[in-house]
Amino acid sequence: MIKVLLFADLQETVGKEFITFEENELTVTALRTEIKNSYQYTQIDNAMVAINEEFAREDEIIKTGDIVAIIPPISGG
Amino acid sequence: MIKVLLFADLQETVGKEFITFEENELTVTALRTEIKNSYQYTQIDNAMVAINEEFAREDEIIKTGDIVAIIPPISGG
Amino acid sequence: MTRPEAGAITTFIGTVREFTKGKRTISLEYQAYKPMAVKMLQTIGKEINEKWPDTVVAISHRVGHLQISDAAVVIAVSSPHRRAAYEANEYAIERIKQIVPIWKKEHWEDGESWIGDQLENVPYATGKPEIGDEST
Amino acid sequence: MTRPEAGAITTFIGTVREFTKGKRTISLEYQAYKPMAVKMLQTIGKEINEKWPDTVVAISHRVGHLQISDAAVVIAVSSPHRRAAYEANEYAIERIKQIVPIWKKEHWEDGESWIGDQLENVPYATGKPEIGDEST
């Protein structure tokens, strides 16, 4: 099972602070597709994905136990 | 009579905070020459001259009553 | 920040501005992915120490609800010489806007919205922003 | 400095550094030609308001005896946007070093000397530094 943290507009769109997937492994690209298919969040392609608090490449593989987060375009500072 | 304010190393070289000249008119260039001839201050050519608190051109004429100052290379900030 | 080696200390304070392109902000809300935000701020500190070896950097960013004129972010850099203090400080704010996972929600007079893409540089060409040594 | 239009406030603090190229400073002394120094600081403020119209600038420079780490000069700039706040701040310190009649005497471990020509740009090519509108 993979737990994915949500923030900002994605958190509001989904209505949850995190979502879970049944898979034990998932590529970053596959995670994007899952979110695109399950939620009305068109901005997913502009978001980044973080694995264990580091920005991830598209081909990286997420495994059960990883801390995963979707990072919508940031606006700090 | 023209009163000329001195600062920094020039003030220490001359040993006074100001000097006076008997002339009623003096160009900036002439003022430099007077100081060069009267005092051991080789840095005069690197100094600027201010008339009434504005930097002066070499050909400007100093008149009695003007507030004149020799501005050695500055080092504030 | 104050130390005998320092000749220059720069600070930057990012404050909540009331008007942006004529639109009035009532208040702001910052949300952070805190552990990663802290990690990325540390990364920025390391990057700065590599680029400007004698600098010392401190960065603080607010989260939660902010009013007009509140300080959202404070960056302080001390350095033996002024050029590095200015450059490193500006570098810090640019990098914060690139890699630190913090989001701003503007409460306007007539509604609210999450702000993103301040830099207009998403999607990242490489899929992620350049970080640390990976940029070399 | 804090005002609703501001989104960015930069400050610069020039502090007394202990070591310069290996030479140890014990203390410093600043002497100013005060009325002209104030006038030139006002000129710098005007130049900044012309170049960066929405900025607000405050500058303060110490005179007299200073110890290591004391602040010699403080410059604060507020602006709607950060780029102008950094640029105007750095412009201010560069101009202070060009046109404000203030002199520094270093008290070293082994003597003392008036410092001049920080910018190594004397004698001025035009006989005077560029000031205000005269530069255009």
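These legends walk through several close-up views of a predicted model.

In this predicted model, local features need pLDDT of at least 70 and side-chain atom pairs count only at pLDDT 80 or more, while totals for chains, interfaces and linings use all residues. Residues are numbered from 1 along each chain as its sequence is written, chains are lettered from A and ligands numbered from 1 in the order in which they are written, and side-chain values use heavy atoms, with hydrogens and water left out.

**View 1. Chain C and chain D, two copies related by a rotation of 180°.**

**View 2. A six-stranded sheet that runs through chains C and D.** Read across this open sheet and you get β4(C)-β6(C)-β1(C)-β1(D)-β6(D)-β4(D), with antiparallel pairing. (Strands are DSSP runs of E with at least two residues, helices are DSSP runs of H or I with at least four, and both are numbered from the N terminus; two strands pair if DSSP finds at least two bridges between them.) At the edges stand β4 (56–61) of chain C and β4 (56–61) of chain D, each with a single partner strand, so one side of each is left without a neighbour in the sheet. Neighbouring strands are turned by 10° against each other on average, direction ignored (angles run from 0 to 180 degrees between N-to-C directions, and axes are lines fitted to C-alpha atoms, for helices over the stretch in contact). Six bridges hold the antiparallel pair of β4(C) and β6 (residues 71–79) of chain C, and in β6(C) the bridge partner of Ala58(C) is Ala76(C).

**View 3. Helices packed on that sheet.** Helix α2 (residues 82–99) of chain C touches β1 (8–15), β4 and β6 of chain C, plus β1 (8–15) of chain D (contact means heavy atoms within 4.5 Å). The direction of α2(C) makes about 145° with that of β6(C). Over in chain D, α2(D) lies across β1 of chain C together with β1, β4 and β6 (71–79) of chain D, running at about 145° to β6(D).

**View 4. Two helices of chain D, side by side.** Here α1 (residues 34–51) and α2 (residues 82–99) of chain D pack at an angle of about 145°, their axes 10 Å apart. Among the residues that meet are Met40(D), Leu41(D) and Ile44(D) from α1(D), and Ala88(D), Tyr91(D) and Ile96(D) from α2(D). The contact residues divide into nine nonpolar, one polar and three charged (Ala, Val, Leu, Ile, Met, Phe, Trp, Tyr, Cys and Pro count as nonpolar, Asp, Glu, Lys and Arg as charged, and the others, Gly among them, as polar).

**View 5. Strand β7 of chain C, an enclosed strand.** Seven of the seven residues of β7 (residues 102–108) are buried, so the strand is largely enclosed by the rest of the structure (buried means under 20% relative accessible area, exposed over 50%, partly exposed in between, with a 1.4 Å probe and protein chains only). Both faces are covered: Ile102(C), Lys104(C), Glu106(C) and Trp108(C) lie on one side, and Trp103(C), Lys105(C) and His107(C) on the other. Seven bridges join β7(C) to β3 (residues 23–32) of chain C, running antiparallel, and Gln31(C) has Trp103(C) as its bridge partner in β7(C). With β8 (residues 111–115) of chain C, β7(C) pairs in the antiparallel sense over five bridges, and a hairpin of two residues joins these strands.

**View 6. The open sheet of chain B.** Five strands sit in the order β2-β1-β7-β4-β5, and their pairing is mixed. The edge strands are β2 (18–21) and β5 (54–55), each with a single partner strand, so one side of each is left without a neighbour in the sheet. Helix α2 (residues 28–38) of chain B packs on the sheet, touching β1 (2–5), β2, β4 and β7 (68–71), and its direction makes about 125° with that of β4(B).

**View 7. Gln11(B), a buried residue in a helix.** Gln11(B) is found in helix α1 (residues 8–14) of chain B, and counts as buried at 17% relative accessibility. Leaving aside its neighbours within four places in sequence, Gln11(B) is in contact with Leu6(B), Lys16(B), Glu17(B) and Gln31(D).

Conventions: Copies are superposed by least squares on the C-alpha atoms of residues with pLDDT of at least 70 in both.
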